[in-house]
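Dear colleague,

Here is the structure I said I would pass on. My notes on it follow below.

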Amino acid sequence: MTELVIALVVRTPHLFFRSRPGKLLLVSTLIFIGITLVLPYLPFMSVFGFIPLPAPLMLAMLGLTALYVLVTELAKKYFYSRAGNAVA
């Protein structure tokens, strides 16, 4: 799930929420994130050994994903500030 979100972040030099992604990229990302979150809760998934995560752990994972996005945005800003100086 984190890699799907990070793909939206690194695709543009601007803030990820200021630059709208293509419709196909956005829709497919949202669909796969939805599937990822719902899959362990489906009744037949116990056959594969999937178990739902406790709510605190799920919230922690979502928080870590948000932190990952923030750090990636900061790294991207640093990279583009340095790359702009190197070209000039």
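**Helix packing: α1 against α2**

The axes of α1 and α2 come within 9 Å and cross at roughly 160°. Angles over 145 degrees count as roughly antiparallel, and α1 and α2 are therefore roughly antiparallel to each other. The crossing of α1 past α2 is left-handed. Please bear in mind that this is a predicted model.

Which residues make the contact? On the α1 side they are Leu4, Val5 and Leu8, and these meet Leu25, Thr29, Phe32 and Ile33 in α2. By type, the residues of this contact divide into six nonpolar, one polar and no charged.

**The buried face of α1**

Helix α1 covers residues 2-10, and its buried residues are Val5, Ile6, Leu8 and Val9. Viewed down the axis of α1, these buried residues fall within an arc of 150°, so they line one face of the helix. Val5 and Leu8 are among the buried residues of α1, and both also take part in the contact with α2.

**Two positions in α3**

Helix α3 spans residues 55-87.

Thr65 lies in α3. Is Thr65 buried or exposed? Its relative accessible area is 12%, and the cut-off for buried is under 20%, so Thr65 counts as buried. Apart from neighbours within four places in sequence, Thr65 is in contact with Met1, Thr2 and Val5.

With a relative accessibility of 39%, Ser81 counts as partly exposed. Ser81 and Leu53 are 28 residues apart in sequence, and their C-alpha atoms are 40 Å apart in space.

**The loop between α2 and α3**

Pro43 is found in the loop that runs between α2 (23-38) and α3 (55-87). Pro43 has a relative accessible area of 72% and is exposed. How far is Pro43 from Pro13 in sequence and in space? The two are 30 residues apart in sequence and 42 Å apart in space, C-alpha to C-alpha.

**In brief**

The α1 and α2 helices are roughly antiparallel, with a left-handed crossing.

Regards

Terms used: Residues numbered from 1 in each chain as written. Predicted model: local features only at pLDDT ≥ 70, side-chain atom pairs only at ≥ 80, totals over all residues. Heavy atoms only, no water. Buried < 20%, exposed > 50% of the residue type's maximum accessible area, 1.4 Å probe, protein only. Helix = DSSP H or I, 4+ residues; strand = E, 2+ residues; numbered from the N terminus. Arc of directions from axis to C-beta. Axes fitted to C-alpha atoms, helices over the stretch in contact; angles between N-to-C directions. Parallel < 35°, antiparallel > 145°, perpendicular 65-115°, else oblique. Left-handed = near helix turned anticlockwise from the far one by under 90°. Contact = heavy atoms within 4.5 Å. Nonpolar A, V, L, I, M, F, W, Y, C, P; charged D, E, K, R; others polar.
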